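Good morning, and thank you for coming. I should like to take you through one structure this morning, element by element. Please have the sequence and the model open before you.

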Amino acid sequence: MSPVLAGFLQLLALIGVLALVYIPFGGYMARVYTSPKHLRAERWIYKGIGANPDAEMTWPAYLRGVLAFSAVSVLFLYLLQRFQGMLPGSFGFSSVSPAQSFNTAVSFVTNTNWQSYYGEQTMGHVVQTAGLAVQNFVSAAVGMAVAVALVRGFARSRTGELGNFWADLVRGTVRILLPVAAVAAVLLVAAGAIQNFSGIHEVGQFMGGSQQWNGGAVASQEAIKELGTNGGGYFNANSAHPFENPTALTNLLEIFLILVIPFCLTRTFGVLVGSVKQGYAILATMATIWVGFTLLMMAAEFSHHGPALQAAGGAMEGKETRFGVGGSAIFSVATTLTSTGAVDSFHSSFTGLGGGITMLGMMLGEIAPGGVGSGLYGMLIMAVIAVFIAGLMVGRTPEYLGKKIGGREMKLAACYILVTPTLVLVLTAASMALPTPPHSMLNPGAHGFSEVLYAFTSASNNNGSAFAGLNANTDWFNTMTGLAMLFGRFLPMVFVLALAGSLAGQRPVPATTGTLRTDKPLFTGLLVGAILIVTGLTYFPALALGPLAEGLA
Amino acid sequence: MNNSVTNTARLLWAGLRALLVLTVVTGVLYPLAVTGVAQALFPGRANGSEITSHGKVVGSSLIGQQGYSLKYFQPRPAAGLGTNSVNTRYKLVLSGATNLAADNPKLVKAVEDARAKVVKDNSVPGYTVRPAQVPADAVTSSGSGLDPAISPAYAELQVHRVAERNGLSVARVERLVKEHTQGRALGFVGEPQVNVLELNIALRDLTAGR
């Protein structure tokens, strides 16, 4: 069997398994967010928080919950790193510097998991397990909560009530993320991922001498790192490290974990708005882009353009033998079209066009299928924009799911889509214009520019992957990517929740023959087009300077 | 004003309590439970898949090693491994890739040098390696720098050298490589591979047993 065919079959297998779980898992998540009952464990948690899970919140109250929880999380994670030197169970690792602690704290709370540190030599058991891995759960649950609040905005009428943030946070964590992660973690260990709390120890080598390794709760963190579309590796090499991703089968499992919640949330959305067909239309949009990008990536990587890859006879630089080009291509697209940013191969050494595809995936706003929660709300914002464009064409007031898309709604949607391009382009330009930041580049020429563009694209979209040659552990990059992650995560959430509040307050408009049917293939086509045009026009000049210049050279 | 300060404080207090409770659930109970199950069901795997040869641990089957003499099968290059830069009292194995771009002259040179070395090392009297025969994995660094495997083509290319250096027949070494070649999982997942450490252990056992 040729590697190309094997790659296709892996993609098909992935699609098959996702299709199998789509209805049951999407429906399960819908029940999680609508069930009136609380589990006993959840009652204890609510008691610990001191919150009434049945109290409905307006959008400002919901937003305040999100921001308060996240602010406390950043501070806690920052202090945990700053005091690592005094924490037991940390191999005696020293405390992390202020700039890097800030960057890492923001990074994990915003579901980005950008890492300017070397995992294995910087973070001990306590910071990894009780700090970073916790945010892998709760930052994902926050994303899902905001998405569900927006869906409630569409589903409800003449009310200001969007649900209860604490209940959504706890349920997402306890009923969705924990059980799936636990099963996946055990599967990963069965294949060879490590799961222990040993200290730094010597292991003998074949030719004599020994190596030093640290142990860790790697499998349990790896599972939630993919499932929550977080992406922060226990080790520097992330999911290329054999202890994180030991076999080709775990590679497929990890890709599945990355994609399963974002795709299935479209089902949850369909159920909650009372029309699963609306969910299918969104799913079709996501799937079209995802499959298209994956095929393009395979074409780029299997053809291995670029002097060094031509000389080597294959695009194996930065890729593992057990995954090959096919498995690496599928992973790289899944991780950059979601907000994951985990890598099983190093994007910096991809072909010029392959590297460009990873960047474009993030620039689309990570909505195909996108991060857990953030993918769905990002896509729904694009749907609002698409119906608005369609409305302009036929001269009707646009509607979506029975709600009028008026001036206020459009302003909020437009603000949403302006946030990340502004952050990416301004910060990249500033980095290139200042004298010192370009010293961080590893590679010369167009690729060096791509490293900086990639860094801010990744940070602003809360992805976390990198053209990792860039030395990002400088005060400039730690601070600026930190700010990009903060604004890139929470400003869009403000607009999403405000939009949700505005929609929930409306009375529904009955559908007429003149209403654009948003559950039909025509709408899917319109939506794909709107996404590609909006993003393409925004980022094309920057892409032309970096990956296109390299790929077409 | 006073009221809003109190409200903010109350909200932050609730946020902190939520974080602490969820830290106990997801940052303490969850990893401990998974560790318990893992250590009970798969202790070998959970502790790093260490391999023992003649009563001595010689490494992990999952972690590639560097520094094999030419008597043995060679792994992929690992030019991207890091060196301890913080907490320097340790000498940890630091995984990493080169991150060099496909058009970086340094990478072109590294690939060409690696190819020349593979050709030179593996050409023995009666068997000359052609540069075009060298597979991509033999001249590129992996993502982790710890790739435990090489492609069957690269193993095959080393057979004549290994046979000569160990005084074994080419057919015997070829058989050894075949025995250690793993196909794709389920027939289509991943790529065929040969685990270098396991192969070299078997090779050493074979030569020691004569």
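Let me begin with helix 7 of chain B, in which Val196(B), Leu197(B), Leu199(B), Asn200(B), Ile201(B) and Leu203(B) are buried. Please keep in mind that this is a predicted model.

What do these buried residues of helix 7 of chain B pack against? They pack against strand 1 (50-53), strand 2 (56-60), strand 3, helix 5 (159-166), helix 6 (170-179) and strand 5 of chain B. Helix 7, which covers residues 196-208, lies across strand 3 and strand 5 of chain B, and it runs at about 55° to strand 5. Its length can be checked too: at 1.5 Å a residue, the 13 residues of helix 7 of chain B should span 18 Å, and the end C-alpha atoms are 18 Å apart, so the two values agree.

Strand 5 of chain B leads us to a sheet. Three strands of chain B form an open sheet in the order 3-5-4, with antiparallel pairing. Its edge strands are strand 3 (149-150) and strand 4 (181-182) of chain B, each of which pairs on one side only. Strand 4 of chain B is joined to strand 5, residues 193-195, by two bridges in the antiparallel sense. Within strand 5 of chain B, Val194(B) is the residue that stands opposite Thr181(B).

**The hairpin and the domains of chain B**

I turn now to strand 1 and strand 2 of chain B. These strands run antiparallel and are joined by four bridges; Thr52(B) stands opposite Val57(B) in strand 2 of chain B. Together, strand 1 and strand 2 of chain B make a hairpin with two residues between them, and His54(B) in the turn has a positive phi of about 50°.

Most residues other than glycine have a negative phi, and most peptide bonds are trans.

Ser49(B) is not a glycine either, yet its phi is positive, at about 50°. Where does Ser49(B) sit? Its place is in the loop between helix 2 (43-46) and strand 1 of chain B. Is Ser49(B) buried or exposed? Ser49(B) has 21 other C-beta atoms within 10 Å and is therefore buried, the threshold being 20 or more.

As for the domains, the assignment of chain B gives domain 1 (2-43) and domain 2 (49-208). The centres of domain 1 and domain 2 of chain B, taken over C-alpha atoms, are 44 Å apart.

**Chain A**

We now move to chain A and to its helix 4, residues 98-109. This helix has twelve residues and reaches 16 Å from its first C-alpha to its last, close to the 16 Å expected at 1.5 Å a residue. Why may helix 4 of chain A be called largely enclosed by the rest of the structure? Because ten of its twelve residues are buried. Among them are Phe102(A), Asn103(A), Val106(A) and Phe108(A). The cover over the buried residues of helix 4 of chain A includes helix 3 (59-82), helix 6 (125-155) and helix 17 (475-504) of chain A. After helix 4 of chain A comes Asn111(A), with a positive phi near 65°.

Helix 17 of chain A also has a partner in helix 16 of chain A, residues 445-460: their axes come within 7 Å and cross at roughly 40°. In this contact, Ala455(A), Phe456(A), Ala459(A) and Ser460(A) of helix 16 meet Phe477(A), Thr481(A), Ala484(A), Met485(A) and Gly488(A) of helix 17 of chain A. The residues of this contact divide into six nonpolar, three polar and no charged.

Next, consider the loop between helix 13 (352-363) and helix 14 (374-394) of chain A, where Pro369(A) lies. A cis peptide bond, with omega about 0°, joins Ala368(A) and Pro369(A). Glu366(A) is found in the loop between helix 13 and helix 14 of chain A as well. Although Glu366(A) is not a glycine, it has a positive phi of about 55°, and it counts as buried because it has 27 C-beta neighbours inside 10 Å.

**Where the chains meet**

Finally, how many residues does each chain bring to the contact? Chain A gives 103 residues and chain B gives 87. On the side of chain A that touches chain B, helix 7 (residues 165-191) of chain A gives the most, with nine residues. That side of chain A divides into 58 nonpolar, 37 polar and eight charged residues.

Key. Residues are numbered from 1 along each chain as its sequence is written. Chains are lettered from A and ligands numbered from 1 in the order in which they are written. This is a predicted model: local features need pLDDT of at least 70, side-chain atom pairs count only at pLDDT 80 or more; totals for chains, interfaces and linings use all residues. Domain bounds come from an automatic or database domain assignment. Two strands pair if DSSP finds at least two bridges between them. Two residues are in contact if their C-beta atoms, placed from the backbone, lie within 7 Å. Axes are lines fitted to C-alpha atoms, for helices over the stretch in contact, and angles run from 0 to 180 degrees between N-to-C directions. The expected span of a helix is 1.5 Å times one less than its number of residues. Ala, Val, Leu, Ile, Met, Phe, Trp, Tyr, Cys and Pro count as nonpolar, Asp, Glu, Lys and Arg as charged, and the others, Gly among them, as polar.
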